[in-house]
Amino acid sequence: MATIKPFRAIRYNQEKIGNINHVISQPYDRVRYGLQDEYYALSDYNVTRIIKGLEFSGDNETDNVYSRAKEFLNQWLKDGILLREDKPAYYVYHQIFPLPSGKTITRKAFICAFELSGFEEGIVLPHEKTHAGPKVDRLNLTRATETYFGNIFMLYPDPENRVDAIFDQAINRPPDIEAEELHEKDVLHQVWVVTDPVIIEQVNDEMAPKNNLIIADGHHRYETALNYQENMQEEFPDAPPAAGFNHRMVAMVSMSNPGLTILPTHRLIFDYQKMGSGEILEKAGEYFNVEKLSNRVELEEKITLAEDHLGKIGFACQEGFYLLTFNKPEIMESLTPDRVLAWRELDVSILHKLLLSHIMEFDEKKIDNLENIKYLREPDMGYDEVEKSGTSYLFILNATRIEQVTACTEVGEKMPQKSTDFYPKIVTGFAMLPVSPDERL
């Protein structure tokens, strides 16, 4: 069963940093496309200097991004830029943001120390495949700093949102932190430090019997934590279960939270030489109704109208815009006989297995290695690339629904890479969890 604990976080000293907005950041895997430089320019104390530091040509085994991350952490603690909490706490974390419709909603979370559990135990369920590279990078950072800076975004079952209701009793006051992050500017972040032992006990009682928690975001980070735990247990076999390295910082969100929002992730295929758009569309016609559309606007309107329907995929190429409507479900059973129906009915599964692998003969290893494919939240860059290049193709998808995620995870199915994009991201920098061998929770 799920074991969570309050913890004494390391937090920014708001009296010294000047502006909390200048020291927080997106999760490390979102810090790209020039965003790293923007964060660096905001403040000498921006957390990006630790979680996604600059690399230099002279880096070596002893002087590198990881050693510098450790130096930043230690120096900021010494200088009082970062402070350690006196009391264990849960950190209630609200994100207030507008939907495309204009409606403003709030996603409620709380940050805790989660006792690590292997996937085979059934307490925590992954929902996506992962790549090896990011896990090596995160493990190196954890070994160097003995601290977790970013959160795992974890979904827990709570049909009546009872945990949120308990926390609501404790936060009837101004937040301890209020911030707006550079990248997702329309999101207001509010954090309350909750140390009330009665509230903590009530939350612990509610969470204790829960299982089938789902990793919404942070699969690489969770698997890294399991690897780090294994390494530390080998090195410190007498350490108790309360040792810091047996835990991971997690932002918990109820699966029933009204603010839970999933965005689509589109796919840009580039430098694809095997066949042209005419042949792709001809082959797709065996399994899809292919409808030629007049422009991007019409394509996106039709995709949006089809968000509750199976297998509606947009296709953009130099020759135009097309709506592909899947009409041969038996082919997915033939291509993926070892998969359950819930997995075969995902738009991303139909795209990856049927369109990319079967029709376009795209090497699945290239997809796994992120070769010739880009994942896009906003499709603008993809449309621009398609317009410039006859060897680039853009696939437009609807968002995966939360009930599809749970249907797959409950039967142990991992969804294709980047099947979900939970919005907004859990920002890094509000709390940090020390996990050194002598740390106790």
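Predicted model: local features only at pLDDT ≥ 70, side-chain atom pairs only at ≥ 80, totals over all residues.
The structure holds 0 disulfides, a disulfide being a pair of cysteine sulfur atoms within 2.5 Å.

Residues are numbered from 1 along each chain as its sequence is written, and side-chain values use heavy atoms, with hydrogens and water left out.

Let us turn to the nonpolar interior. A nonpolar core here is a set of buried Ala, Val, Leu, Ile, Met, Phe, Trp, Tyr and Cys residues joined through side-chain atoms within 4.5 Å. Which residues touch the most other members of the largest nonpolar core? In that core of 120 residues they are Tyr12, Phe110, Phe114, Met154, Val203, Met252 and Phe288. Helix α13, residues 347-359, supplies the largest share of this core, with 7 residues; helices (H or I, at least four residues) and strands (E, at least two) are DSSP runs, numbered from the N terminus. Another core lies apart from it and has 11 residues, among them Leu293, Leu299, Ala316 and Tyr383.

Next come the cavities. On a 1 Å grid over the protein atoms alone, a cavity is a set of points where a 1.4 Å probe fits but cannot get out, and lining residues have an atom within 4 Å of a point. Grid points are joined across faces, edges and corners, and a volume is the space filled by probe spheres set on the points. The structure holds 3 cavities of 30 Å³ or more, and the largest cavity has a volume of about 160 Å³. What lies nearest the centre of the largest cavity? Of the 14 residues that line it, those nearest its centre are Arg138, Leu141, Gly150, Arg221 and Arg248. The elements that give two or more residues to this lining are α5 (132-145), β7 (147-148) and α8 (219-235), and α5 gives the most, with 3 residues. By type, the lining divides into 6 nonpolar, 5 polar and 3 charged residues, where Ala, Val, Leu, Ile, Met, Phe, Trp, Tyr, Cys and Pro count as nonpolar, Asp, Glu, Lys and Arg as charged, and the others, Gly among them, as polar.

Side chains of opposite charge can pair when their charged atoms come close. A salt bridge is counted when a side-chain nitrogen of Lys or Arg is within 4 Å of a carboxyl oxygen of Asp or Glu, and a search of the whole structure finds 24 of them. Arg138 meets Asp137 in one of these, at 2.7 Å from N to O; Arg138 counts as buried at 8% relative accessibility, and Asp137 counts as buried at 19%.

Glu439 and Arg84 also meet in a salt bridge, at 2.6 Å from N to O. Because Glu439 lies in the segment after β21 (433-434) and Arg84 in strand β3 (residues 82-84), this pair ties together parts that are 355 residues apart in sequence. Glu439 counts as buried at 11% relative accessibility, whereas Arg84 is partly exposed, with a relative accessible area of 29%. In another salt bridge, Asp63 meets Arg68 at 3.3 Å from N to O; Asp63 counts as partly exposed at 37% relative accessibility, while Arg68 is buried at 14%. Finally, Glu184, Asp217, Arg377, Asp421 and Lys425 are linked in a network of salt bridges.

I will close with the backbone. Where is Pro424 placed? Pro424 is in the loop between β20 (421-423) and β21, and a cis peptide bond, with omega of about -5 degrees, joins Tyr423 and Pro424.

Asn161 has a positive phi of about 50 degrees although it is not a glycine; Asn161 is found in the loop between β8 (152-156) and α6 (162-170), and counts as buried at 16% relative accessibility. Asp271, likewise not a glycine, has a positive phi of about 50 degrees. Asp271 sits in the loop between β14 (266-269) and α9 (277-284), and counts as partly exposed at 44% relative accessibility.

Definitions and conventions. 1 Å grid on protein atoms, 1.4 Å probe; cavity = no way out; pocket = protein on both sides within 12 Å on 5 of 7 lines; lining within 4 Å. Buried < 20%, exposed > 50% of the residue type's maximum accessible area, 1.4 Å probe, protein only.
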